[in-house]
Amino acid sequence: MSGPARIPGGARATIAFTFDGVAMRARPGDTLAAALLANGVGLVARSFKYHRPRGVMTAGVEEPNALVTIGTGGRTEPNTRSTDVFVYDGLVARSQNRWPSLKVDAGAVLGLAAPVFAAGFYYKTFFGPPKRWMRYEHFIRRAAGLGPAPVAADPDPYEHRAAFCDALVVGSGPTGLAAAKAAAAAGDRVLLVEQDADLGGTLLSDGGDVASIEVARAAIAAAGGRILTRTTASGLWDHGFVTLSERVAEPGQPGALAQRLWQVRAKRIVLATGAIERPLTFAGNDRPGVMLARAVRTYIARFGVLPGKRVVIATNNDDAYRTADAVAAAGGEVVAILDSRAELSAVATVAKTRFPVFTNAVPVSTQARATGLTAVEADIWTERFTYAADCLAVSGGFTPVVHLHSQGGGKLDWRADIQAYVPGATLQDIVTVGSAAGEVEAISPDTVALAHPKSSFIDFQNDVTAADVDLAYAEGYRSVEHLKRYTTLGMGTDQGKTSNMAALGRLAGAAGVSIPAAGLTTFRPPYTPLTLGALAGPDGGGHAAPSRRLALGDCHDALAPIWQPLGLWHRPRAYSQGGESLHAAALREARAVRTAAGIIDVSTLAKFIVSGPDAAALLEIVCATRVAKLAVGRGRYTVMLREDGMVMDDGTVWRLGETRYLLTSSTGGADRMEAHLGYARHVVASNLRVSVVAVQEAFAGIALAGPDAAAILERLTGAAAPAHMGVADAMVAGVPVLILAASYSGERAFELYPVGDAAVPVWDALIAAGAMPYGIEALEFLRIEKGHIVGGGEVDGRTTPHDLRLERMLQKGGGFVGASALDRPALAASDRLQLVGLTSPQPIPEGAMLVAAGGAPVEGHVTAGGLRVLGEGGVALALLRGGRARNGDTLLATSPTRGLEARVTVTDPVFYDPEGARYRG
Amino acid sequence: MLSIDCPHCGPRAQSEFAYDRTLDAIVPLAMPPAEAMRALYTRANPRGWSDELWHHRFGCRAWLVVRRHTVTHAIESVIGYAP
């Protein structure tokens, strides 16, 4: 037995590649599978569970066996089908799931232990004594599996693109080409996609009207269409939306672009996706040398490789007879054609004049040596025969590729003559043509009794045998979806493309029902595996999310702060100096604010201009506090509720003119607040005469705070500082600024809003005047000490105004969003989580649980922990059950996972200047 | 991904829009509390045609009523919201 070999003649093998370190040569246009076969490599991989030797079974994307790892370093792509890689110079391929080598594999002993690893092995082990799983786990994790994912980063770029077309044609076989040509002739913009490197589909292996390829190409080009090869329609979604994955470079191949993911919206879709040949089920049907009949003639006709010198063909249909012709024409010997049908068909009758054709004949088992297949045992009528052979070509009929049709919501119809599902009704503008629509050879539906179900494989990739299916059924798994999950049948990179129908047949047989009655698992995208790189596209690394840069970004960069991501923004967390820790820097900055003056970039606050005759009315719908009585030039704190009465956000509202207001709210809630204002304006109160403009990015903002703040401002503006909650217009460093006298820190403070990109001179002038820049960590210290709530901390979506001690601010008459929800009795319960302050001689761990003592029930949690900025000891804000009535209680704040705890005393949530003397100035 | 035919912008991808709620979950300010809570929490969740409020968030920002089939995802009509 010499194994597969190149047929004399044809192109020279000029391409150098390696497989498991061995240098080999390939012809241009070879798939890796073709090149391996041409180099006499029959054994390509070890199977997933039992480490059984496996070879190439197919010539397409459905390959379950011959998975390899391609490439090196960051370009490594594991679990790649060798039938779906076109060889290039320098390709490096490695076999998987074997140790120490492919030929001598220690894991193959698992095959001997196969009975232990039968269907449901994992579940049974889980339900067994825990120690059993602990013992197995380490061993199994190493033994079973596919190729490991690469560790290094992928150096090559990926791209996303959008496209639109009148007609999307998937598949370029004869019917796909005809459909594309017809659409182009009708003036449609056509997009023709083909997963192979070449157009033609079965024309490439079976011949036919090969000239139609160029005719279609010209017609599509003339009508302004596009053809994409090496492109798989991987998902079909609603309303004609299709995702395509294009291999610009082959797996592992360096290139200017690795892959492109297309998002296509098509007015009309033609699916010419073909059909996948099914294997037959018998003992040892997984051995290298057992191949699909159509694959055998593809290797002969397209790649010039004869997969075996002595070929046995086993079939239940007429299509495989073409393989006999191809083998004979290529110089191989057709040892026998085993036809399971009882009667000779017309095609078989003709073939019988040239080949030994047997009816009522089925393969029973195979024999093999390390070099490959040696013999096929067959039952013919009632006698058993053994044929010496190095290749067994099998055909169990054809399964139309209905994946995309089904993904798009289309129904499937059962066809008994081909024992397969075909596309049925669809609500989308999708038509399926050719063999994908069921135009395939009819087969004999007779099932064959298996002599050795335990070595008769149904799902090759997942090592699921006929006996596993039987066992699952016997153990009560009746639904095909349950069978799938119990046995792992139809999972993995091939998603059961070659195995699903055989599994359904076996399950239906066991249940004594028809295959349609047994059900069908759901087809989900992607049709073939997508790489994560293609999905991420250009949005990786630093581009994983858009980055929003502050107008004052350069000023911060110059101070090299510790940054804090906040949504898509990055804000300075602290300006550490001379190797200071974050904590030390923040404390220094906070002390500067309490004793002199500090400035902080508050540009990211959400800002809305609300104007028009009914501006106040709209604000009183969105805000739970009174707005209408606000005087021009004054502002106030406000709070916004969700419709369920929970606090959504807080902020300030300023009356800039008679009918013109500025509303600010939190950075993190900016997008939500914009949508909420839109909802209020256009849905809840669409009769109001008011406009809302989001101006978050129109103004930078700098908050100046501290006992020296007013003096600094007056020096820079040459005018008196506005009173607390007052508004002023002024010039700072030649820049016009809007000044809002609001304080978050608890000190006398002003928010300065220069216009857009003119913010830098204002920042520089404030620093020159003696203000120290501080970050949001210092701001945390300051606001905790003042008991100011924050979104995501105390405002956690479960707290009402009453829980947060804000109920006295609410409009008395209601009429605002969330008002009616506040009357629900449960919200008045005395044991709700309510805002409290905590004090302790030591730091209070943020996020800690509040308990009476270790082991006691949890009564609340610490939402924010800080220190007294100028004094000693820890302070914190917390949500505590019935907290408003618990001043003086002592509790334990404990975080066992971090090993932190502190004894705390419950207080009012204001630790600094409770009279507010300091911020009024 | 749905294709939503915005009356202002023409057919656009779903990713430009934000789903807000079904029309029966809109709570007018004057709605009595008990009814308001029913509208918020006890909704129909139909298997079939559903009238929904969508926001063309990354487009013209119009608030739209989309009549959509919850099983087939077919869209029968897209019109501007009017109370």
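Predicted model: local features only at pLDDT ≥ 70, side-chain atom pairs only at ≥ 80, totals over all residues.
Helices are runs of at least four residues, and strands are runs of at least two, as assigned by DSSP.

View 1. Chain A contains 24 helices and 49 strands. Its C-alpha trace spans about 110 × 70 × 55 Å along the principal axes.

**View 2. Burial and contacts in chain A.** Chain A has 921 residues, and 56% of them count as buried. Among the contacts in chain A with a separation of 6 or more, 65% are made by residues 24 or more positions apart.

**View 3. Surface and charges of chain A.** The accessible surface of chain A comes to about 36,400 Å². Carbon and sulfur atoms account for 56% of this surface. Chain A carries 88 positive and 88 negative side chains. The centres of these two sets lie 2 Å apart.

**View 4. The buried side of helix α1 in chain B.** Helix α1 of chain B covers residues 33-41, and its buried residues are A36(B), M37(B), A39(B) and L40(B). These residues lie on the same side of α1(B) because they cover an arc of only 160° around the axis. An α-helix has 3.6 residues a turn, so residues three or four places apart point the same way. Strand β3 of chain B, residues 18-22, is included in what covers the buried residues of α1(B).

**View 5. The exposed side of helix α1 in chain B.** Which residues are exposed on the other side of α1(B)? They are A34(B) and Y41(B). A residue counts as exposed at over 50% relative accessible area, and as buried at under 20%.

Definitions and conventions. Residues numbered from 1 in each chain as written. Chains lettered and ligands numbered in written order. Heavy atoms only, no water. Buried < 20%, exposed > 50% of the residue type's maximum accessible area, 1.4 Å probe, protein only. Contact = heavy atoms within 4.5 Å. Areas by Shrake-Rupley, 256 points an atom, 1.4 Å probe, with all protein chains shown as cover. Lys, Arg positive; Asp, Glu negative; His and termini not counted. Charge placed at Lys NZ, Arg CZ, Asp CG, Glu CD. Arc of directions from axis to C-beta.
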